[in-house]
Amino acid sequence: MAVLLIAEDDDDIARVLVRVFTRAGMRVLRAPDGRAAFDLALAEHPDAVLTDLGMPLMDGWELVEAIRDHPDVRDTPIAVLSGHLRPGDPRAETARVCAIMLKPCPNDRLLATMTGLIAAGPHDHGADQPRCNADLPVSV
């Protein structure tokens, strides 16, 4: 069973995401902030991470960097789901994430994206390779 880590501080959104992915047969871990998500990533080694950007303690950008900088989890596929990112934001091109989706995002697209990342498996996102080789679109 695939393990998905969701980092989302909004309880209502988190509840919906957990339900969507659990119904799809995934084991879902949920963290209410980036720091808790990073700790869970190190402890559980999820197959993929879905993170919001605007969170307390450690935001989504900092979470991505912390994961990418840690040797035990650096190759974990990561997708961003956020309402805080605007089209054309330059951070989207250099974020070392596999996919970026804007809220609200249809459940079928969420599922397809995360299922594709899990199928792609761990892969490199080094500082010299900001683009993901999973070949999923960045939507901003």
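A nonpolar core is a set of buried Ala, Val, Leu, Ile, Met, Phe, Trp, Tyr and Cys residues joined through side-chain atoms within 4.5 Å. In this predicted model, the largest such core holds 25 residues, and a second, separate core holds 17. The whole structure contains 7 salt bridges and 0 disulfides.

**Nonpolar cores**

- Within the largest core, L5, L63, I67 and V97 are the residues that touch the most other members.
- Two or more residues of this core come from each of β1 (3-7), β2 (27-31), α2 (34-44), α3 and β4.
- Helix α3 is the greatest contributor to this core, giving 5 residues.
- Beyond its neighbours within four places in sequence, L5 contacts L29, A31, A37, L40, A41, P46, A48, V49 and L50.

**Salt bridges around K103**

- E8 and K103 form a salt bridge in which the closest N and O atoms are 2.8 Å apart.
- This pair ties together parts that are 95 residues apart in sequence, because E8 is in the loop between β1 and α1 (11-23) while K103 is in the loop between β5 (99-102) and α5 (107-120).
- E8 is buried, at 2% relative accessible area, whereas K103 is partly exposed at 25%.
- D52 also forms a salt bridge with K103, with 3.4 Å between the closest N and O atoms.
- Here the partners are 51 residues apart, D52 being in the loop between β3 (48-51) and α3 and K103 in the loop between β5 and α5.
- D52 counts as buried, with a relative accessibility of 2%.

- A salt bridge joins the side chains of D69 and R96, at 3.4 Å from N to O.
- D69 belongs to helix α3 and R96 to the loop between α4 (91-94) and β5, so this pair ties together parts 27 residues apart in sequence.
- R96 is buried, with a relative accessible area of 8%.

**T76**

- T76 sits in the loop between α3 (60-69) and β4 (78-82).
- Its relative accessibility is 8%, so T76 counts as buried.
- A polar atom of the T76 side chain lies 2.8 Å from the backbone oxygen of V73.
- Leaving out residues up to four places away in sequence, T76 touches P46, D47, A48, V49, I67 and R68.

**Cysteines**

- C98 is buried at 1% relative accessible area, and C105 is buried at 11%.
- The disulfide count is 0.

Technical notes
Residues numbered from 1 in each chain as written. Predicted model: local features only at pLDDT ≥ 70, side-chain atom pairs only at ≥ 80, totals over all residues. Heavy atoms only, no water. Disulfide = S-S within 2.5 Å. Buried < 20%, exposed > 50% of the residue type's maximum accessible area, 1.4 Å probe, protein only. Helix = DSSP H or I, 4+ residues; strand = E, 2+ residues; numbered from the N terminus. Polar contact = N/O pair within 3.5 Å; in protein donor to acceptor, adjacent residues only side chain to side chain. Contact = heavy atoms within 4.5 Å. Salt bridge = Lys/Arg side-chain N within 4 Å of Asp/Glu carboxyl O.
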